[in-house]
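Please have the structure open as I talk.

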Amino acid sequence: GRRLLGRGSGSGGRAAPRPARRARWALLPPRVEWAAGRGLALTANGSVWNWGEGIFGHGDTQIQLLPKKVEAFAGQRVVAVSAGSAHNLAITADSALWSWGG
């Protein structure tokens, strides 16, 4: 079957919005960004998750069909994220700016 970003696999799209299956992140993310085929989410507890195509900060360039936690931020609280066309940015609670991508 066809592979759909954020949904795993399936055979078609949806004409109207409807709730997606519950993701593995904590409750509802306060911030979700989308750029150039990639999703980036910041959860209420300060963790970062991403999915789609491209470079994600997981140490590889494999397509992530479902959200995957960015482990580089373990032990830190991220307070803001932004997705660019070829990169991602994050700011941690100690005001450090992180960037990854191409």
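**Strand 4 and its surroundings**

Let me start with the pairing of strand 3, residues 31-35, with strand 4, which runs in the antiparallel sense over five bridges. Please keep in mind throughout that this is a predicted model. Within that pairing, V32 stands opposite A41 of strand 4, and the two strands form a hairpin with two residues between them, where A36 in the turn has a positive phi of about 50 degrees.

On to the next partner: strand 4 also pairs with strand 5, residues 48-52, again antiparallel and over five bridges, and here L40 has N50 as its bridge partner. This second hairpin has five residues between its strands, and G46 in the turn has a positive phi of about 90 degrees.

Now, are the residues of strand 4 buried or exposed? Five of its five residues are buried, with R38, L40 and L42 on one side and G39 and A41 on the other. As a general point, side chains in a regular strand alternate between the two faces of the sheet.

That brings me to the largest nonpolar core, which has eleven residues, among them L40, L42, V48, F73 and W100. Strand 4, residues 38-42, and strand 7, residues 78-83, are the elements that give two or more residues to this core, and the largest share, three residues, comes from strand 7. In soluble globular proteins, nonpolar side chains tend to be buried together.

Note on methods: Residues are numbered from 1 along each chain as its sequence is written. This is a predicted model: local features need pLDDT of at least 70, side-chain atom pairs count only at pLDDT 80 or more; totals for chains, interfaces and linings use all residues. Side-chain values use heavy atoms; hydrogens and water are left out. A nonpolar core is a set of buried Ala, Val, Leu, Ile, Met, Phe, Trp, Tyr and Cys residues joined through side-chain atoms within 4.5 Å. Buried means under 20% relative accessible area, exposed over 50%, partly exposed in between (1.4 Å probe, protein chains only). Helices (H or I, at least four residues) and strands (E, at least two) are DSSP runs, numbered from the N terminus. Two strands pair if DSSP finds at least two bridges between them.
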